[in-house]
Amino acid sequence: MLSYEEVQQSLKAAGQTHILQFWPELSDEDRDSFLQDLSQLDLKGLKEHCEGAQRAAQSPPESLDQHLEPVPAESIGSVRKSDKKSLTEWENEGLLQISQNKVGVLLLAGGQGTRLGVQYPKGMYDVGLPSRKTLYQIQAERIHKIQQLAERPQGAKCTVPWYIMTSEFTLAPTEAFFKENDYFGLKPSDVVMFEQRMIPAVTFDGKVILQGKGKIAMAPDGNGGLYQALVDNAVLEDMKKRGVEYLHVYCVDNILVKMADPVFIGFCVSRGADCGAKVVEKACPAEPVGVVCRVQGVTQVVEYSEIRPETAELRGPGGELVFSAGNICNHFVSRAFLQDVAEIFKDQLKQHVALKKVPYVDSCGNQVKPTKPNGIKMEKFVFDIFPFSRNFVAFEVVREDEFSPLKNADGASTDSPTTARNSLLNQHCRWAADAGATLTDEQGNTVPPTASFSAGDTPQARCEISPLVSYFGEVRI
């Protein structure tokens, strides 16, 4: 731990001496804790961080429209448009890779459930399914099932390790939750939790925000902090030791995520890709999702706010949107490419500005809860590595089968516990109906075979199928 004098000198060099303004008022215990926190900061890079955040917040967004191109057709696979033979070949290839212990899954779980109105990690959320399963349990059971499906043709046991990136806010409750639930039947050694870095929030005039008299306001460095966290926590070494060559990376809040999806894995491996993204067709031009496309020939995700309405509305000869590849934070990455990112590219990743309402103490030491944005949080995004890929592919999937995120509290029109629950129950109704089942509503009336089980509808029957029974609707036993 650094001494007070060393910290004071570093803060003076960074132009951030206000951080210690309440030092005389702190107890000895609080001083020790504060010094410990400050010692873990990148004090040498603090000046650059604060000035960079200030500059970035003041810079107008760059207009990209004239440089945009869709991802070329030869780099895209599709669940809807590819023939059955290709889909089966990709699935078999993916299952083979899984059976050889070459595939891991990596969960991005650093965010809190603030927008959901809860003070615990989103993965612990119960959306109100008949089973009352949480997102973490659903995902753990999908890992169980995909291991089982991969083992059967080969007759040998296999493991899909589950890497979970948490933050300072989510690590302890996530660890406790998994222990309380016996890791949902997975081996504890195959569930690897690690923490991403935290960075200071900054005012619009480039000053670090004090959350308390002896505490800096910190925030996770975005899900793109993954690549630094892989280095900090020796996760790449763990993957190498296990023989993991391919990683499926996803966000915790998608209730329909297919863990280590063998079709997606198989498609990427068969194309020799080092990086890939699942995409869904945008519901409408103005849908607030990023678009996977090319900018001056380089693949990246362009946020919906960075595209003019007239560009978003462009349509091809068949009436389809030109920029339709909606990003759903569901990616394939080879370990070799991750190693390159860690060693060569991670410090070149783009920084994104997020303007936030950050609670702080004023110059008199009074606690203030702002009503409008007062701070800058700098973030990196997981997809910021796309431009460095040597062979990038996209894979289009069906939204109602694979994408229903949980972001907002009930009452919101989209991405709420109700919409997530309905998406899963309707999917399971479709699976049951396709398998020849007769469904009944809660009054015992038979639901007609022509009934709609669209993702957003209120389910006409309450049918939940455990992932331990079926991974993607297959009826093999």
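1. A residue is called buried here when its relative accessible area is under 20%, exposed when over 50%, and partly exposed in between (1.4 Å probe, protein chains only). By that cut-off, buried residues make up 53% of the 477 residues in the protein.

2. This is a predicted model, in which local features need pLDDT of at least 70, side-chain atom pairs count only at pLDDT 80 or more, and totals for chains, interfaces and linings use all residues. Residues are numbered from 1 along each chain as its sequence is written, and side-chain values use heavy atoms, with hydrogens and water left out.

3. The protein has 13 helices and 20 strands, taken as DSSP runs (helices: H or I, at least four residues; strands: E, at least two) and numbered from the N terminus. The protein is as compact as a globular protein of its length, because its radius of gyration of 24 Å is close to the 23 Å that the globule rule gives for 477 residues. That radius is taken over C-alpha atoms, and the rule is 2.2 Å times the number of residues to the power 0.38.

4. Contact means heavy atoms within 4.5 Å. Of the contacts in the protein with a separation of 6 or more, 76% are between residues 24 or more positions apart.

5. S167 sits in the loop between β4 (162–166) and α6 (171–180). The residue S167 is buried, with a relative accessible area of 0%. Apart from neighbours within four places in sequence, S167 is in contact with A109, G110, E195, Q196, M198 and P220. The C-alpha atoms of S167 and V208 are separated by 20 Å, with the two residues 41 apart along the chain.
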